[in-house]
Amino acid sequence: MTSGRLTDDELERALRDVGAHLAYPPAADLLPAVRARIEQRHAESFWSIFRSPRAAFVPALATVALLLLAALAFQPIGANALEALGLRGLVVFRGAEAPPPSVGAAILPDATRVASLDAASREVGFEVRAPTAAVGAPPDEIYVRRAEGQQQAILVYRTGASGGLVPASKVPGVGMLIVETRGKVAQPLLGKLVPPGGRIEQLTVNGGPGLWIEGEAHQFFYLGPDGNILPDSVRLAGNVLAWEQGDLLMRIEAQVDRDVALKLAGAMR
Amino acid sequence: MEAYGEIVIRYQALAQRTAYVILRDADAAQDAAQEAFVKAFRALARFREGAPVRPWLLRIVANEAINRAKASSRHPQVELTAAVAEPDERAGSPEAQALASERREMLVRALNGMKEDDRIVIAYRYFFDLTEAEMADALGIARGTVKSRLSRAMSRLREQFRD
């Protein structure tokens, strides 16, 4: 018998028959090995960046982008807590250096200003909360931002409008930022680089896991809709309290100490 | 990682079969599939949201397996074989079943004599039932090129079949 005797249809049927009868080896459970390899690669890539002498000559932003790429490639489950920590949608990791905070453009250019917390809630599809009882006044400005796969509300408290609770930040005219984000759970939405002098503490905030980040200049990044890593200009480079609240990632940025930040978080209504 | 774990569980059998068709070595196929899942995880940020996962993943698996096949000069210790089919009354007379079995073995022999790139095109279409669009994604070629690639692979299969 030769293929010359088979029509195209017969040959196709015969190939489907082969496919159905091919003696494949039994499929192994790959998940444990895949997980182990991912964790191992993450640790290698994380440390190799610090060990590389080239890193010293790379511009700070590019170094941070590399670090964040390494971190984004891996949800840091089981990672050394001193090297990388994560909350829902947030990866926090230590870096050799952090670029200086940019002042001025505190709000993302694609954010839209809205008039009230209710309006913000309607825009983002979840209840936007504010620590009005603790601050003694509503936010001075409220913005919403809807990017691919995430919704964000940004509350801005101008210096002097927070009843003295929140001192001035490095961004002129802005005392405190509160950012509430809902996004896909499986995808890190934000990365935060903390330099060696910074302090990271794991704590419980409003019943959910949280992180207190204190110290030198921090850098936030976020994953853009096209998959590129972009510096997040919504930041004050102050101390940060970030925590999970339901399906939201909350963060407060201000030059306040941990106790004040926790008081503000507890007053979020 | 949990969501990605579901992808691994769902597609691991297909990934290993794909790698096996190319490498024809169970251990090598398993290792290539593992590595492909690691590479796919690292490429998740570039994955176009809403795009089908299966061809995207198969492309990574096949690339990994083909690169390994090309890098390795050693001939595979094992070749593709057809499983011995149990007699089945629904499959026709014993003579018809014997004929089908003989044809199957000849085709498998012909496939073993082909290059990995040709074998995977045929496997995608007839073993794994990928659509032309999925094949284009999995092979990283334009949809209009799928037919010609498949046609060339089938011609070479017929040549092998005659030998």
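This is a predicted model: local features need pLDDT of at least 70, side-chain atom pairs count only at pLDDT 80 or more; totals for chains, interfaces and linings use all residues.

Let me begin with α5(B) and α7(B), which are roughly perpendicular to each other, a description that covers angles of 65 to 115 degrees, with under 35 counted as roughly parallel, over 145 as roughly antiparallel and the rest as oblique. Helix α5 of chain B spans residues 116–127, and its angle to α7(B) is about 110°, with the axes 9 Å apart; axes here are lines fitted to C-alpha atoms, for helices over the stretch in contact, and angles run from 0 to 180 degrees between N-to-C directions. Helices are DSSP runs of H or I with at least four residues, strands are runs of E with at least two, and both are numbered from the N terminus.

Residues are numbered from 1 along each chain as its sequence is written, and chains are lettered from A and ligands numbered from 1 in the order in which they are written.

Which residues of α5(B) meet α7(B)? They are D118(B), V121(B), I122(B) and R125(B), and they meet R149(B), L150(B), A153(B), R156(B) and L157(B), where contact requires C-beta atoms, placed from the backbone, within 7 Å.

Helix α7 of chain B, residues 143–162, also packs against α6, residues 132–139 of chain B, at about 90° with the axes 8 Å apart, which makes α6(B) roughly perpendicular to α7(B). On the α7(B) side of this contact are R143(B), V146(B) and R149(B).

Turning to the cores, the largest nonpolar one has 48 residues, and A19(B), L23(B) and A65(B) are among those with the most contacts inside it. Such a core is a set of buried Ala, Val, Leu, Ile, Met, Phe, Trp, Tyr and Cys residues joined through C-beta atoms within 7 Å; buried means 20 or more other C-beta atoms within 10 Å of a residue's own, exposed 12 or fewer, and partly exposed in between, with C-beta atoms placed from the backbone.

In chain A, strand β13, residues 248–254, has seven of its seven residues buried. Seven bridges join β13(A) to β12, residues 239–245 of chain A, and the two run antiparallel, pairing being defined by at least two DSSP bridges. In their hairpin, with two residues between the strands, G246(A) takes a positive phi near 60°.

Terms used
Two residues are in contact if their C-beta atoms, placed from the backbone, lie within 7 Å.
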